[in-house]
Amino acid sequence: MSLMEKEPLLTTDEAIEYLRISKATCLKLIHKGDIKAVRVGKGWRIFQSELYRFLEGSRANGARPQP
């Protein structure tokens, strides 16, 4: 069974709803490499575990994601 079959793959709209950030902020975080994402057509897809990793990293550093 592949990783994609085991783990949800989110669109940017789903990710921004989950993180409660703007689309511009989400795209900035992707382009900076803070959130790893895969380009699919004109959009991006993000593994749900990547959002958990990003949030854990922010919490561990005592910082909040900047808009």
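Helices (H or I, at least four residues) and strands (E, at least two) are DSSP runs, numbered from the N terminus. By that rule the chain holds 4 helices and 3 strands, and along the sequence they follow the pattern α-β-α-α-β-β-α.

The structure is a predicted model, in which local features need pLDDT of at least 70 and side-chain atom pairs count only at pLDDT 80 or more, while totals for chains, interfaces and linings use all residues. Residues are numbered from 1 along each chain as its sequence is written, and side-chain values use heavy atoms, with hydrogens and water left out.

**The chain as a whole**

The accessible surface of the chain, computed by the Shrake-Rupley method with a 1.4 Å probe, comes to about 4,900 Å², and 54% of that surface belongs to carbon and sulfur atoms. Of the 67 residues in the chain, 25% are buried, where buried means under 20% relative accessible area, exposed over 50%, and partly exposed in between (1.4 Å probe, protein chains only). Contact here means heavy atoms within 4.5 Å; among contacts between residues at least 6 apart in sequence, 47% join residues at least 24 apart.

**The nonpolar core**

In soluble globular proteins, nonpolar side chains tend to be buried together. A nonpolar core is a set of buried Ala, Val, Leu, Ile, Met, Phe, Trp, Tyr and Cys residues joined through side-chain atoms within 4.5 Å. The largest such core in this chain has 12 residues, including Leu10, Ile30, Trp44, Ile46 and Phe54. Helix 2 (12-19), helix 3 (23-32), strand 3 (43-47) and helix 4 (48-60) each supply at least two residues of this core.

Trp44 lies in strand 3 and is buried, with a relative accessible area of 15%. Leaving aside residues up to four places away in sequence, Trp44 touches Leu10, Thr11, Thr12, Leu27, Ile30, His31, Ala37, Val38 and Arg39.

| Pair | Places apart along the chain | C-alpha separation |
|---|---|---|
| Trp44 and Leu10 | 34 residues | 8.5 Å |
| Leu9 and Arg45 | 36 residues | 6.1 Å |
| Ile30 and Ile46 | 16 residues | 9.3 Å |

**Helix 2 against helix 3**

Helix 2 and helix 3 pack at an angle of about 105°, with their axes 9 Å apart; the axes are lines fitted to C-alpha atoms over the stretch in contact, and angles run from 0 to 180 degrees between N-to-C directions. The two helices are therefore roughly perpendicular to each other, a term that covers angles of 65 to 115 degrees. In this packing, Thr12, Asp13, Ala15 and Ile16 of helix 2 meet Lys23, Cys26, Leu27 and Ile30 of helix 3.

The loop between these two helices contains Arg20, which counts as exposed at 78% relative accessibility. Phi of Arg20 is near 60°, a positive value in a residue other than glycine.

Key. Angles under 35 degrees count as roughly parallel, over 145 as roughly antiparallel, 65 to 115 as roughly perpendicular and the rest as oblique.
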